[in-house]
Amino acid sequence: MCNKDIREYANKRNVRLWQIASKLGINDGNFSRKLRIEFSEEKKAEIRVIIDELAAEQ
């Protein structure tokens, strides 16, 4: 499974994929499709920051 680390990181912090998609300004379905192809390390770092921000808001 591609981007398994991102999925697990979000799950451990109780952040849903639709919340990440919203922060990125894209539809949650589009984000789910993007997850099918492995992200670059730079993109993963950007998404981890978003996940941390969303987790802090909860």
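Q19, I20, K23 and L24 in α2 meet K43, E46, I47, I50, I51, E53, L54 and E57 in α4, where contact is taken as heavy atoms within 4.5 Å and helices are DSSP runs (H or I, at least four residues) numbered from the N terminus. By class, this contact of α2 with α4 has six nonpolar, one polar and five charged residues; Ala, Val, Leu, Ile, Met, Phe, Trp, Tyr, Cys and Pro count as nonpolar, Asp, Glu, Lys and Arg as charged, and the others, Gly among them, as polar. The model is a predicted one, in which local features need pLDDT of at least 70 and side-chain atom pairs count only at pLDDT 80 or more, while totals for chains, interfaces and linings use all residues. Residues are numbered from 1 along each chain as its sequence is written, and side-chain values use heavy atoms, with hydrogens and water left out.

The axes of α2 and α4, lines fitted to C-alpha atoms over the stretch in contact with angles from 0 to 180 degrees between N-to-C directions, come within 10 Å and cross at roughly 110°. That angle makes α2 roughly perpendicular to α4, a term that covers 65 to 115 degrees. The crossing of α2 past α4 is right-handed, meaning that the near helix is turned clockwise from the far one by less than a right angle.

In α2, the residues Q19, I20 and A21 are buried, that is, under 20% relative accessible area, with exposed set at over 50% and partly exposed in between (1.4 Å probe, protein chains only). The buried residues of α2 pack against α1, α3 (28-34) and α4. Leaving out residues up to four places away in sequence, I20 touches A10, V15, F31, I47, I50, I51 and L54.

I20 also belongs to the largest nonpolar core, which has 13 residues and in which V15, I20, F31, I47 and I51 touch the most other members. α1 (4-12), α2 (17-24) and α4 (41-57) each supply at least two residues of this core, and α4 gives the most to it, with four residues. Such a core is a set of buried Ala, Val, Leu, Ile, Met, Phe, Trp, Tyr and Cys residues joined through side-chain atoms within 4.5 Å.

Residues up to four places away in sequence aside, F39 touches N3, F31, K34, K44 and I47. The C-alpha atoms of F39 and E53, which lie 14 residues apart along the chain, are separated by 20 Å.

N3, in the segment before α1, counts as buried because its relative accessibility is 0%. Beyond its neighbours within four places in sequence, N3 is in contact with K34, L35, I37, E38, F39 and K44. N14, by contrast, lies in the loop between α1 and α2 and counts as partly exposed at 48% relative accessibility.

Most residues other than glycine have a negative phi. The table lists positive values, including those of two asparagines.

| Residue | Phi |
|---|---|
| N3, not a glycine | near 55° |
| N14, not a glycine | about 55° |

Methods: Angles under 35 degrees count as roughly parallel, over 145 as roughly antiparallel, 65 to 115 as roughly perpendicular and the rest as oblique.
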